[in-house]
Amino acid sequence: MAETLLEIGYVSGVFGVAGEVKVYLYNPDSPMFYAAVGCYLGDAKGRLEESQLKVRRGAGKRIIGAFKTVGSRSDAEAIIGRKILVERDILPTLEPDEYYISDLEGLVVCQGERVLGSVAGVHSTGRGDMLEFHQGQEVHFVPLQDAYIEEVDIAGGQVRLTAEGAGLL
């Protein structure tokens with residue numbers, strides 16, 4: 001089952017006393033969770049707890065979530081930091097040039113014909129997403145933007161950097 005699950009965010013804090021939580025969604029603009037959606041809460045040991053998530057907007061950019069299995073503030077405190085995962089098949093169908101961030105993990109990073117390493121993850125920052133890849137013992141970060149990424153070829157298993165992207169190394 002773990003192969004069919006995608007991480008879509010995590011629990012970032014507690015909100016109020018009734019078991020609501022602050023959630024960080026990787027796609028905060030998606031309307032998908034404004035109706036209750038089946039999901040899983042994953043802990044650091046890889047254990048999964050089945051639940052349902054429904055979100056609403058809070059003040060500013062905050063997103064407030066309610067999990068079916070969380071009914072009190074102490075329950076909410078116990079799930080801070082947990083990953084929120086959903087079955088891939090409930091997510092919207094992607095356009096041909098789109099991909100989910102999790103699809104990038106493990107892809108080979110190239111510049112021209114030169115293999116530079118492999119994708120270890122993607123990190124959301126205030127300035128945009130950063131592609132993390134490892135080249136031997138070295139860890140590199142490249143902005144996941146057109147100026148630095150020439151092509152993402154999921155089927156071919158590659159992320160190709162532009163000359164400018166490779167120049168950041």
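**Figure 1. Lining of the largest pocket.** Ala, Val, Leu, Ile, Met, Phe, Trp, Tyr, Cys and Pro count as nonpolar, Asp, Glu, Lys and Arg as charged, and the others, Gly among them, as polar. By these classes, 20 nonpolar, 8 polar and 12 charged residues line the largest pocket of this predicted model. A pocket is an open set of points on a 1 Å grid over the protein atoms alone, where a 1.4 Å probe fits, with protein on both sides within 12 Å along at least five of seven lines; lining residues have an atom within 4 Å of a point. The lining comprises 40 residues, and Glu7, Ile8, Tyr26, Asn27 and Ile101 lie nearest the pocket centre. Strand E1 (5-15), strand E2 (20-25) and strand E8 (114-125) are the elements that give two or more residues to this lining, and E1 gives the most, with 4 residues. The space in the pocket is about 1300 Å³, a volume being the space filled by probe spheres set on the points, which are joined across faces, edges and corners.

**Figure 2. The whole chain.** The protein chain has 2 helices and 12 strands; helices (H or I, at least four residues) and strands (E, at least two) are DSSP runs, numbered from the N terminus. Along the sequence the pattern is β-β-β-β-β-α-β-β-β-β-β-β-β-α. The C-alpha trace spans about 55 × 30 × 30 Å along its principal axes. Residues are numbered from 1 along each chain as its sequence is written. In this predicted model, local features need pLDDT of at least 70 and side-chain atom pairs count only at pLDDT 80 or more, while totals for chains, interfaces and linings use all residues; side-chain values use heavy atoms, with hydrogens and water left out.

**Figure 3. The barrel.** In the order E1-E2-E5-E4-E3-E6, 6 strands close into a barrel with antiparallel pairing; two strands pair if DSSP finds at least two bridges between them. Neighbouring strands of this sheet are turned by 45° against each other on average, direction ignored, with axes being lines fitted to C-alpha atoms and angles running from 0 to 180 degrees between N-to-C directions. Strand E3 (residues 37-42) and strand E4 (residues 48-57) share 6 bridges in the antiparallel sense. Val37 has Leu53 in E4 as its bridge partner.

**Figure 4. The largest nonpolar core.** A nonpolar core is a set of buried Ala, Val, Leu, Ile, Met, Phe, Trp, Tyr and Cys residues joined through side-chain atoms within 4.5 Å. Buried means under 20% relative accessible area (1.4 Å probe, protein chains only). The largest such core holds 23 residues, among which Val23, Phe33, Phe67 and Ile84 touch the most other members. At least two core residues come from each of E1, E2, E3, E4, strand E5 (63-67) and strand E6 (83-87), and E1 supplies the largest share, 4 residues. Of the 169 residues of the protein chain, 37% count as buried.

**Figure 5. The open sheet.** A further 6 strands form an open sheet of mixed pairing, in the order E10-E9-E8-E7-E12-E11. Strand E10 (138-143) and strand E11 (149-153) are at the edges with a single partner strand each, so one side of each has no neighbour in the sheet. From one strand to the next, the twist averages 35°.

**Figure 6. Pairing around E7 and E12.** Strand E7 (residues 108-111) pairs with E8 in the antiparallel sense over 4 bridges, and Gln111 has Arg114 in E8 as its bridge partner. With strand E12 (residues 158-161), E7 pairs in the parallel sense over 3 bridges; here Cys110 stands opposite Arg160. Arg160 is also the bridge partner of Glu151. E11 and E12 run antiparallel, joined by 4 bridges. These two strands form a hairpin with 4 residues between them, and Gly157 in the turn has a positive phi of about 75°.

Key: Buried < 20%, exposed > 50% of the residue type's maximum accessible area, 1.4 Å probe, protein only.
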